[in-house]
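Subject: Structure for you to look at

Hi,

Here's the structure I promised to pass on. Have a look at it first, and then read my notes below.

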Amino acid sequence: MEEKIIIAGFGGQGVLSLGQFIAYSAIEEEKEVTWLPSYGPEMRGGTSNCSVVVSDVEVASPIISFPDFLIAMNKPSLYKFQDRVKPGGCIIVNSSLIPDKVERSDVKVLYIDAVTMAIEAGNAKTANIVILGVYIKHSGLFDKVKVLQVIEKKFANKPKVIPANIKAFELGYNI
């Protein structure tokens with residue numbers, strides 16, 4: 001088993017940390033994983049993406065030409081990467097910022113109003129965690145309980161944000 005994921009959006013949307021959550025979840029599952037960030041010099045507001053490869057065997061390269069999953073947090077990212085997704089793959093679209101529809105019929109597309117759901121969870125900054133929940137559910141690679149433990153560990157030094165992040169994950173997972 002090997003799954004390749006590209007996560008892309010603007011800096012400040014939690015794109016890189018979403019990739020880290022997937023990578024840490026893979027480590028908890030004792031899988032092999034690579035996480036490769038890429039971002040412009042302007043950081044917040046600039047383009048940002050990362051590649052995550054999860055595998056049962058050692059990962060040969062962190063470079064992804066044709067992902068199984070694309071998580072597009074903004075419109076430029078959708079247009080940059082959508083044609084690269086493997087036929088039979090999945091595109092998760094942050095429909096809060098992307099009103100457009102994917103015109104491919106050979107991939108599964110999930111439209112998620114992540115910002116509205118994050119606000120419902122109690123913190124608008126948790127849109128990436130809503131998307132994490134969606135990805136975890138649809139990838140089928142990870143134990144939900146272990147992912148929740150990863151969220152709690154990652155925010156251990158900010159315990160006040162844990163409940164909103166857990167709720168955001170659950171909202172995404174249960175779509």
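When I say below that parts pack against each other or touch, I mean contact in the sense of heavy atoms within 4.5 Å. Also keep in mind that this is a predicted model.

Let's start with helix H3, residues 114-121, where Ala-114, Met-117, Ala-118 and Ala-121 are buried. These four cover an arc of only 105° around the axis, which puts them on the same side of H3. What do the buried residues of H3 pack against? Their partners are strands E5 (90-94) and E6 (108-112), plus H4 and helix H6 (162-173). After H3 comes Gly-122, with a positive phi near 110°.

Now the sheet. It is open and has six strands in the order E2-E3-E1-E4-E5-E6, with mixed pairing. E2 (32-39) and E6 are the edge strands, and each has a single partner, so one side of each is left without a neighbour in the sheet. From one strand to the next, the twist averages 10°. One of the pairings is between E1 (residues 2-10) and E3 (residues 47-55), which run antiparallel over nine bridges. In that pair, Lys-4 is opposite Val-53 of E3.

Two helices to check against the sheet are H1 and H4. H1 (residues 15-28) packs on the sheet through contacts with E1, E2, E3 and E4 (69-72), and its direction makes about 10° with that of E3. H4 packs on the sheet too, touching E1, E4, E5 and E6, and its direction makes about 150° with that of E6.

H4 covers residues 127-139 and includes Asn-128. Is Asn-128 buried or exposed? Asn-128 has a relative accessible area of 6%, so it counts as buried. Setting aside residues up to four places away in sequence, Asn-128 touches Gln-13, Gly-14, Ser-17, Leu-18 and Met-73. Its C-alpha atom is 14 Å from that of Ile-5, a residue 123 positions away along the chain.

Finally, take a look at Asp-100, which sits in the loop between E5 and E6. The cut-off for buried is under 20% relative accessible area, and Asp-100 counts as buried because its value is 18%. Its side chain makes a polar contact of 3.3 Å with the side chain of Lys-75. Beyond its neighbours within four places in sequence, Asp-100 is in contact with Lys-75, Tyr-79 and Tyr-111.

Cheers

Terms used: Residues numbered from 1 in each chain as written. Predicted model: local features only at pLDDT ≥ 70, side-chain atom pairs only at ≥ 80, totals over all residues. Heavy atoms only, no water. Buried < 20%, exposed > 50% of the residue type's maximum accessible area, 1.4 Å probe, protein only. Arc of directions from axis to C-beta. Polar contact = N/O pair within 3.5 Å; in protein donor to acceptor, adjacent residues only side chain to side chain. Pairing = 2+ DSSP bridges. Axes fitted to C-alpha atoms, helices over the stretch in contact; angles between N-to-C directions.
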